[in-house]
Amino acid sequence: PPPLRHVKYSVFAEQPYFAEIYYRDTDPPNWAEYSHNPYLYSPNIEVNVGPDQMWTMDVWLANPEMWAMVVAGIAGESFATPNLHCVLAVDGVVVKTGQGPKGALCSMRNW
């Protein structure tokens, strides 16, 4: 099997907010298995984030170019715009950043 690579996900917001975050923590065996049940490979967490309150997660993936992904959005229905940011680093190198008023997606692959 290919060696595992260190993937670090980070999420923060410009305004304190309760965010919903999905991230990929396991390489699916193939696209069909992933498509059948994507949430099996993409845990969900709801956390408080802010300018001084960053959420981070370290995972190990064999193929981060294909599977590394973190997406953050506002939890529940809200008119708030906390301006969420995400950062995706592989083996200590930032490879993707994202930002949006209500959500952010960081992935090396186009979804």
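A salt bridge is taken here as a side-chain nitrogen of Lys or Arg within 4 Å of a carboxyl oxygen of Asp or Glu, and the structure holds two salt bridges. This is a predicted model, in which local features need pLDDT of at least 70 and side-chain atom pairs count only at pLDDT 80 or more, while totals for chains, interfaces and linings use all residues. Residues are numbered from 1 along each chain as its sequence is written, and side-chain values use heavy atoms, with hydrogens and water left out.

**View 1. Arginine 5 with glutamate 65.** In this salt bridge between arginine 5 and glutamate 65, the closest N and O atoms are 2.5 Å apart. Because arginine 5 belongs to strand β1 (residues 5–13) and glutamate 65 to helix α2 (residues 64–67), the pair ties together parts that are 60 residues apart in sequence; helices (H or I, at least four residues) and strands (E, at least two) are DSSP runs, numbered from the N terminus.

**View 2. Arginine 5 with aspartate 91.** A salt bridge also joins the side chains of arginine 5 and aspartate 91, at 2.9 Å from N to O. This pair links distant parts of the chain, 86 residues apart, since aspartate 91 sits in the loop between β6 (84–90) and β7 (93–100) and arginine 5 in strand β1.

**View 3. The network of Arg5, Glu65 and Asp91.** Salt bridges that share partners join these residues, Arg5, Glu65 and Asp91, into one network. Arginine 5 is partly exposed at 26% relative accessible area (between buried, under 20%, and exposed, over 50%; 1.4 Å probe, protein chains only), glutamate 65 is partly exposed at 36%, and aspartate 91 is partly exposed at 42%.
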